[in-house]
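Work through the exercises below with the model open. Try each task before reading its solution.

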Amino acid sequence: MALPQDGNIVILTGAGISAESGLDTFRDAGGLWAQHRVEDVATPEAFARNADLVLNFYDSRREGAAAARPNAAHAALARLDREWRGGLLIVTQNVDDLHERAGAERLLHMHGSLALAWCTACDARVPIAQDLIDRPACPACGASGHLRPDVVWFGEMPYEMDRIYAALGIVDLFVSIGTSGAVYPAAGFVQEARTSGAHCLEINLEPSQGTHVFHEARHGQAGQVVPAWVDEVLDMA
Ligand code: OAD
C-alpha cells in the first residue's frame, strides 16, 4: 500500500501486545477471564458489592505490570512514534504502562490505567503506586476510602472517544495489534477506519473476531511481527 510521508496512522493495541512481557491476556486459554468472572471484578456493581475483591484484582495486576518489562513490540511502536513525521496515535485498551515505559508519547489509554486512582470524593485522578486495598488517603483531598482504580469497567464509557473518532476520521493506515476484537467500541474502530478510506492491517497471534473487515492480516507473535512491520513503514518513508 502507498502511505504518504505525512500520512496519518492509528494503532489499536490489546492484551496480546503485552503477552510476551509475561502479562495474562483476557480470553486466551487460562487468561484473566478464565480465572475471574467479569461480573465479580470489572463492573461498578461488583465494586459496590465487594470492593475488596475488586481492589485485590487490580492491586495484583498493578504489581504484575510493575514487574513486567516492555517487549520488542512496545519498543518498535515507540520507535515509530519517534520517527514517523506524519500523524500517529496509539490507542491502547491495556491498563499496563508498557507503551509509555518503552518511550511512546502519542498514546492514550481508552480503558484507563493501573498507574492512576480516581477519587470518588473529589473527582481527582492521582498517580498511585501502592495497594488500594489498604485504603490510602487521596493525595488531592485527604479523604480515605474513596480511591478506586482509574480503569473503565463494563457498563462505563471508555475514555477519550472524541479524540479517537477524530483520529479515525482522517486515518490513512489503521493497525490493530494483539486484540481479539471482542469488546466494543474498540472492535468497531476498523470499520470506522475503512469508512475513512484507510488501509487496515491486523497483527495478531490468530485471526480476530473481526478479521474479515481488515484488508490485510499478519498472524504471529507481536514481538516478531511488529518490529518487522515498523521497519517496512519507516523504510517506505
Ligand atoms: P483478549 O484477551 O480478548 O485478546 C488478546 C488477543 O491477543 C487474542 O486474540 C490473542 O490471540 C492475541 N495474542 C496473544 N498473545 C499474542 C502475542 N504474543 N502476539 C500477538 N497476539 C497475541 O484481549 P483484548 O482484546 O485486549 O476490557 O481485550 C479487550 C478488552 O476486554 C480489555 O481491554 C478488557 C477485556 O475485558 C476491560 O476490562 C474493560
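**Exercise 1: The ligand and its shell**

In this predicted model, a polar side-chain atom of Glu-206 lies 3.2 Å from an oxygen atom of the ligand.

*Solution.* 

Step 1. Count the shell. The ligand is surrounded by 24 residues. The closest are Ala-15, Phe-26, Arg-27, Thr-179 and Ser-180.

Step 2. Sort the shell by type. It holds nine nonpolar, eleven polar and four charged residues.

**Exercise 2: Strand β7**

Decide whether the residues on the two faces of β7 are buried or exposed. Then identify the strands that pair with β7.

*Solution.* 

Step 1. Take one face. Leu-173, Val-175 and Ile-177 lie there, and they are buried.

Step 2. Take the other face. Phe-174 and Ser-176 are buried too, so both sides of β7 are covered.

Step 3. Draw the conclusion. Five of the five residues in β7 (residues 173–177) are buried, so the strand is largely enclosed by the rest of the structure.

Step 4. Look for a neighbour. Strand β1 (residues 9–13) pairs with β7 in the parallel sense, over five bridges. Within this pairing, Val-10 has Phe-174 of β7 as its bridge partner.

Step 5. Look for another. Strand β8 (residues 199–204) runs parallel to β7, joined to it by five bridges. Ser-176 is bridged to Glu-202 in β8.

**Exercise 3: A loop serine**

Locate Ser-18. Is Ser-18 buried or exposed? Which side chain does its own side chain contact?

*Solution.* 

Step 1. Ser-18 belongs to the loop between β1 and α1 (32–35).

Step 2. Apply the cut-off. Buried means under 20% relative accessible area. Ser-18 has 2% relative accessibility, so Ser-18 counts as buried.

Step 3. Find the partner. The Ser-18 side chain makes a polar contact with the side chain of His-74, at 3.3 Å.

Key
Residues numbered from 1 in each chain as written. Predicted model: local features only at pLDDT ≥ 70, side-chain atom pairs only at ≥ 80, totals over all residues. Heavy atoms only, no water. Near = heavy atom within 4 Å. Polar contact = N/O pair within 3.5 Å; in protein donor to acceptor, adjacent residues only side chain to side chain. Nonpolar A, V, L, I, M, F, W, Y, C, P; charged D, E, K, R; others polar. Buried < 20%, exposed > 50% of the residue type's maximum accessible area, 1.4 Å probe, protein only. Helix = DSSP H or I, 4+ residues; strand = E, 2+ residues; numbered from the N terminus. Pairing = 2+ DSSP bridges.
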